[in-house]
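Hello,

Here is the structure I promised to pass on. Please open it alongside this message, and take your time looking around before you read my notes.

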Amino acid sequence: MRIELTTEQQENQAAFRAFVNREIVPYADSWDREERTPPEVISQLARTGYLGALIPVESGGKGFDMISYGLLNEEIGRGCSSLRNLLTVHCMVSQAILKWGTKNQRNYWLPKLAAGEAIAAFGLTEPNVGSDAKSLEATANLSGDSYILNGQKVWTTYGQVANLFLVFAQCEGRPTAFLVERDSPGFTVKPITGMLGVRASMLAELFMNDCRIPKDNLVGRVGLGVSHVSSYALDYGRYSVAWGCVGIGQACLEACLQYASERKQFGVYLNEHQLIQQMLTEMITNLDAARLLCFQAGYLKDIGDPRSIMETTIAKYFASTMVTKVANDAVQIHGANGCSSKYRVQRYLRDSKIMEIVEGSTQIQQMTIARYAYQYFTPVREPAPTR
Amino acid sequence: MTSDIENTLRSFISRFMRGHELKDDEDIFASGFVNSMFAMQLVQFIEHQFGFEIETEDLELDNFRSIEAMTRFIEQKKSLPVST
């Protein structure tokens with residue numbers, strides 16, 4: 001077994017890091033304060049080709065392997081979790097189209113998504129439906145050559161700016177996926193502001209009032225919206241979020257290493273206090289563990305192993321719970337300064353909490369992982385005690 | 001006679017149905033044993049194990065209903081020329 005990056009992956013990582021340090025890190029705090037991602041930043045991300053990270057080269061994408069894609073999420077997540085969110089949802093929709101879209105959908109949308117000419121968003125969650133996705137209340141009814149959609153979606157990441165929405169609704173009483181363009185008749189978007197974290201993610205509510213879309217915008221088959229289309233997309237979403245958490249954790253660690261080597265209390269630098277060292281040690285160790293779980297999930301994805309789905313869930317669960325603790329300790333090490341908007345760690349803490357909620361809450365992951373144990377491990381019965 | 005494909009499928013699906021003796025013609029979706037993550041794991045398992053892509057056109061319930069049905073589907077897919 002060898003755990004090391006290929007030369008190409010190392011080069012990709014260096015390019016991601018340089019881009020993030022130059023174009024994202026210096027500005028992420030102001031995007032957070034303004035609760036928006038400037039359009040020129042999205043254009044800049046599009047010019048790098050990173051929005052087409054997973055789209056095949058023949059469709060205009062980068063065709064990255066899953067490890068390179070993970071490293072991209074780590075680096076962008078280190079700079080700005082909102083922008084990493086954009087990459088997450090955009091790639092989720094791209095992947096859903098690539099896997100379950102029709103030939104026409106793939107030919108039309110993938111080059112646009114790869115080039116960033118279209119920005120994609122994921123419309124699953126509703127005011128009354130979160131984790132229980134099969135209970136969607138939005139409806140879709142076939143009418144001639146169109147589907148008529150009615151219902152509401154909420155917390156749609158980058159819904160304020162997206163041109164293309166992968167929307168889920170009950171069709172013939174079964175969850176089904178559809179592509180909805182922003183200018184579809186009967187489709188409106190309302191911005192959401194005032195969130196705890198990932199505040200530049202330009203969330204929106206989506207309203208569909210007799211929204212008419214072409215019949216050909218069905219993705220997959222009627223009834224397979226949750227079991228196949230959203231499950232597939234969310235698997236990629238969890239992978240992206242898990243790596244994004246490693247990115248936030250890395251940012252916390254780097255901020256703490258710097259702060260603890262510059263600030264003195266009781267005549268010595270903070271990093272000489274043993275209780276600070278303990279927090280740094282926990283941070284480094286847990287961050288390493290999360291990164292290794294992400295590497296494992298990425299490797300299994302690259303070889304198409306079905307265990308990748310559950311190992312991605314485990315990586316997301318560990319990384320998101322890990323980073324909440326890491327960011328909490330990062331604020332603690334920074335003291336009152338860490339609670340101030342002058343220091344980035346307060347943003348990292350707010351962003352990290354969101355990671356425990358999106359793409360399957362911590363509690364949903366716990367239920368799923370516990371069930372998974374019975375698929376892959378056979379309990380060994382203890383012999384009956386002898387008298 | 002039980003084929004290698006059937007044995008491979010039974011070995012995988014049985015993980016989701018601990019303590020249940022799965023018959024070749026038994027409807028696995030009607031059994032109540034499978035969870036929401038099962039469908040995608042099954043798709044990935046078949047793709048990984050048998051070396052072809054499952055596409056939207058293949059997503060007929062009749063292709064996945066039982067071990068027998070999946071075996072027929074896999075044999076048919078493997079006999080087809082690779083599409084480009």
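Below are my notes on chain B, on the interface, and on a few places in chain A.

Before anything else, please keep in mind that this is a predicted model.

**Chain B**

Let me begin with chain B, which has four helices and zero strands. Following the sequence, you will read the pattern α-α-α-α. Of the 84 residues in this chain, 45% are buried. I also looked at contacts in chain B between residues at least 6 apart in sequence: 56% of them join residues at least 24 apart.

**Where chain B meets chain A**

How many residues of each chain are in contact here? On the chain B side there are 22, and they touch 27 residues of chain A. The size of an interface is often given as the accessible area lost when the parts come together. For this pair, the buried area is about 2,200 Å², with carbon and sulfur atoms giving 54% of it. Within chain B, the residues that lose the most area to chain A are Met37(B), Met40(B) and Gln44(B), and together they account for 28% of what that side buries.

There are also polar links across the interface. Three salt bridges are counted between chain B and chain A. In one salt bridge, the side chain of Glu53(B) meets that of Lys99(A), at 3.4 Å from N to O. The two chains also have ten residue pairs in polar contact. Helix H2 of chain B, residues 38-50, gives the most to the side that touches chain A, contributing eight residues. Sorted by class, that side of chain B has nine nonpolar, six polar and seven charged residues.

Tyr376(A) and Arg307(A) are 69 residues apart along the chain, yet their C-alpha atoms are separated by 9.4 Å.

**Helix H3 of chain A**

Next, please find helix H3 of chain A, residues 39-48, whose buried residues are Val41(A), Ile42(A), Leu45(A), Ala46(A) and Thr48(A). Looking down the axis of H3(A), you will see these buried residues fall within an arc of 160°, so they line one face of the helix. Glu40(A) and Arg47(A), on the other side of H3(A), are exposed. What covers the buried residues includes helices H1 (7-23), H2 (28-34), H4 (66-79), H5 (81-100) and H6 (103-115) of chain A. After H3(A) comes Gly49(A), with a positive phi near 85°.

**A buried lysine**

My last stop is Lys153(A), in strand S3 of chain A, residues 146-156. Is Lys153(A) buried or exposed? Its relative accessibility is 0%, so Lys153(A) counts as buried. What does its side chain reach? The backbone oxygen of Phe168(A) is at 2.6 Å from the side chain of Lys153(A). A polar contact of 2.8 Å also joins the side chains of Lys153(A) and Glu126(A). Leaving aside neighbours within four places in sequence, the residues in contact with Lys153(A) include Gly123(A), Leu136(A), Val167(A), Ala204(A) and Met208(A).

How values were computed
Residues numbered from 1 in each chain as written. Chains lettered and ligands numbered in written order. Predicted model: local features only at pLDDT ≥ 70, side-chain atom pairs only at ≥ 80, totals over all residues. Heavy atoms only, no water. Buried < 20%, exposed > 50% of the residue type's maximum accessible area, 1.4 Å probe, protein only. Helix = DSSP H or I, 4+ residues; strand = E, 2+ residues; numbered from the N terminus. Arc of directions from axis to C-beta. Contact = heavy atoms within 4.5 Å. Buried area = accessible area lost by both parts, 1.4 Å probe. Salt bridge = Lys/Arg side-chain N within 4 Å of Asp/Glu carboxyl O. Polar contact = N/O pair within 3.5 Å; in protein donor to acceptor, adjacent residues only side chain to side chain. Nonpolar A, V, L, I, M, F, W, Y, C, P; charged D, E, K, R; others polar.
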